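Colleague: Could you go through this structure with me, one topic at a time?

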Amino acid sequence: MNGPGAASVASEPIIEVVDVVKVYRDGNIRALDGVSLTVARSEFVSITGPSGCGKSTLLNLLAALDQPTSGVVKVNGRDLRQVKDLSRYRREEVGLVFQLHNLLPQLSALANIEIAMPHSRGRSQSRAERARDLLAEMGLASAERRVPAQLSGGERQRVAIARALANDPGILLADEPTGSLDSASVDNFLQLLRRLRAEHGTTIVMVTHDNEVAAAADRTIEMSDGRVVMAHVS
Amino acid sequence: MPIISVVLHNVWKKKARSLGLALAIAFAVMTVVTLSVVGDGLEQSATAILKVGKANFTIVQKGVPDILNSTIDQGTLTRIRETPGVASAVGVLVETEKINAANPVFIEVGISPSDLKPFGVTVVAGHPYSADATNQMMLGWRAAQHFGIHVGDKFKANGTVNTVVGIFSTGNSFGDDASMFPLPALQGYNRVPGIVTMVFVKTVPGVPVSSVTRRISRNLPELSTITTASQFGRADLTLVFVKAAATGSAILAVVIGAIIVGNTMLLSLFERTREFGLLRAIGWTKTQVLSLVMGEGLVLALVGAGVGVGLSFAAAVALEHVPALIGVLHAHFTTSAFWRGLLTALVMTLLGTFYPALRAALRSPLDALGHE
């Protein structure tokens with residue numbers, strides 16, 4: 001793959017974005033303007049750029065929350081327009097982490113993870129065990145009964161990651177995940193992402209406007225005005 | 001986490017909203033069940049008079065607004081008695097009188113003492129009045145108990161002071177709450193000489209009741225024959241109107257309840273737009289979101305139905321004690337009234353919840369996540 005967004009590692013691409021354009025309905029806003037990029041399996045990529053450059057729009061397309069106006073978005077070799085069950089795709093193939101308000105306030109940390117497994121065939125006990133394991137992996141074993149209001153910003157984001165990983169997806173998509181965290185929490189969060197990648201081989205695509213956070217990834221893709229303008233390996 | 005757990009959790013955690021919705025449902029259920037119970041109770045009270053006489057069927061005047069307005073003259077009574085297949089026909093005059101504020105509808109039956117036995121009346125204390133007595137009467141044992149009257153005591157009714165010569169039992173609470181007078185005396189008190197309100201007919205054994213009723217209907221088209229309680233409405237238009245009004249009010253209650261539930265659900269779901277967007281974003285299907293919202297509605301419907309039926313019981317009992325309804329309304333709680341309450345809650349919740357739930361399920365997750 002050529003161009004600034006091409007994968008820097010010569011391994012099998014898990015994400016392929018080819019000449020994607022996204023124009024919003026009124027036709028005046030061209031959020032993405034011919035974006036092409038690939039992400040290799042188990043790669044940690046950050047997408048950075050100023051506000052309004054189209055990085056969140058790109059992440060939404062990867063999460064199948066939106067569709068491109070033209071161009072192709074392929075994940076695991078499948079064009080997302082051909083995927084019939086997008087709910088299943090969002091549930092099993094990708095995990096999503098948002099910046100704010102990403103936990104249900106009325107549910108405990110454990111229940112917030114369990115709701116990501118509504119289709120789980122196992123007994124409710126096994127769902128709870130899986131959620132507990134994930135909380136333990138995030139270092140929050142003692143916080144399972146606490147509701148989001150009783151957790152710090154960093155703890156909430158770790159619960160959100162645990163929920164994103166509940167169905168063991170191959171790809172983690174994070175939209176400004178450190179936007180509401182203090183610097184110590186940011187460091188912990190980035191360490192956690194690196195550990196996930198190392199231990200589980202999870203592919204991570206993280207959108208951030210913070211260059212220091214972006215530098216934690218294997219590769220940074222820089223966007224401006226809906227285009228990929230630069231890609232560099234950290 | 002199974003959806004049912006999330007449903008129960010949401011209902012429990014959002015107590016104010018849940019309580020408001022459950023109460024809206026409960027009040028609608030209470031209205032429907034109370035109207036139903038009252039309607040059934042009025043029908044029971046009205047039809048109970050038919051069961052006082054141990055007859056195969058009853059005859060009243062056709063097309064009267066209230067069965068107590070029925071008038072059948074002596075000549076017609078004779079023709080009924082002469083109809084083939086009729087073993088006996090007992091004509092009775094039924095009147096009501098306000099004894100005092102606590103007893104606004106006291107039933108008085110005018111009947112000949114010779115007809116008491118065929119009518120199914122047993123004198124349990126004292127003796128029957130004589131056929132032409134003017135100041136004698138009998139009280140049903142429940143009425144005697146209620147008024148604290150014994151044989152030989154005086155009882156003022158029809159503007160005269162009567163001696164209670166006997167206490168009777170009919171085996172029917174309606175009859176046992178009433179009083180009986182010699183027929184000519186009651187006709188005289190009420191200035192309707194030779195008139196009876198209804199006729200209780202026993203057929204000759206072996207003769208089909210239907211063939212006798214057909215014959216009477218053909219020969220005396222101005223009369224209605226009533227074999228079952230359900231035929232009562234043919235003769236009593238007031239009851240038909242009462243039941244129609246109750247049905248109309250029940251439908252209105254369901255519609256108003258559904259609007260309240262729908263409005264509250266819409267407002268609530270509007271506030272929860274991001275929540276549904278998040279659920280869709282993490283892989284919940286539209287059906288699951290729909291099930292979540294409908295499930296919350298269903299739980300509230302069940303709670304509302306339970307509370308509503310409880311409230312309707314209290315309301316019906318309270319209505320029984322309203323002075324104007326004492327003795328007339330006996331709340332008639334049946335299993336069907338409870339099922340009607342549950343059905344009301346479910347229909348109302350379905351009507352009120354489906355559209356908001358559909359909106360929540362069909363909204364694009366990205367759009368919902370961007371909702372402030």
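Colleague: Is A:Asp168 buried or exposed?

Modeller: A:Asp168 is exposed, with a relative accessible area of 58%. Buried means under 20% relative accessible area, exposed over 50%, and partly exposed in between, with a 1.4 Å probe and protein chains only. Please note that this is a predicted model, in which local features need pLDDT of at least 70 and side-chain atom pairs count only at pLDDT 80 or more, while totals for chains, interfaces and linings use all residues. Residues are numbered from 1 along each chain as its sequence is written, chains are lettered from A and ligands numbered from 1 in the order in which they are written, and side-chain values use heavy atoms, with hydrogens and water left out.

Colleague: Where does A:Asp168 lie?

Modeller: A:Asp168 lies in the loop between helix H5 (153-164) and strand E7 (171-175) of chain A. Helices (H or I, at least four residues) and strands (E, at least two) are DSSP runs, numbered from the N terminus. Phi of A:Asp168 is near 55°, a positive value in a residue other than glycine.

Colleague: And what is phi of B:Asn158 near?

Modeller: Phi of B:Asn158 is near 60°, again positive in a residue other than glycine. B:Asn158 sits in the loop between strand E7 (154-157) and strand E8 (160-169) of chain B. B:Asn158 counts as buried, at 17% relative accessibility.

Colleague: New topic: how many residues has the largest nonpolar core?

Modeller: The largest nonpolar core has 115 residues, and those with the most contacts inside it include A:Ile15, A:Leu173 and B:Trp284. Such a core is a set of buried Ala, Val, Leu, Ile, Met, Phe, Trp, Tyr and Cys residues joined through side-chain atoms within 4.5 Å. The largest share of this core, ten residues, comes from helix H12 (residues 286-320) of chain B.

Colleague: How do H12(B) and helix H13 (residues 335-362) of chain B cross?

Modeller: The axes of H12(B) and H13(B) come within 8 Å and cross at roughly 155°. Axes are lines fitted to C-alpha atoms, for helices over the stretch in contact, and angles run from 0 to 180 degrees between N-to-C directions. The two helices, H12(B) and H13(B), are therefore roughly antiparallel to each other; angles under 35 degrees count as roughly parallel, over 145 as roughly antiparallel, 65 to 115 as roughly perpendicular and the rest as oblique.

Colleague: What about helix H11 (residues 273-281) of chain B and H12(B)?

Modeller: H11(B) and H12(B) pack at an angle of about 140°, with their axes 9 Å apart. H11(B) and H12(B) are therefore oblique to each other.
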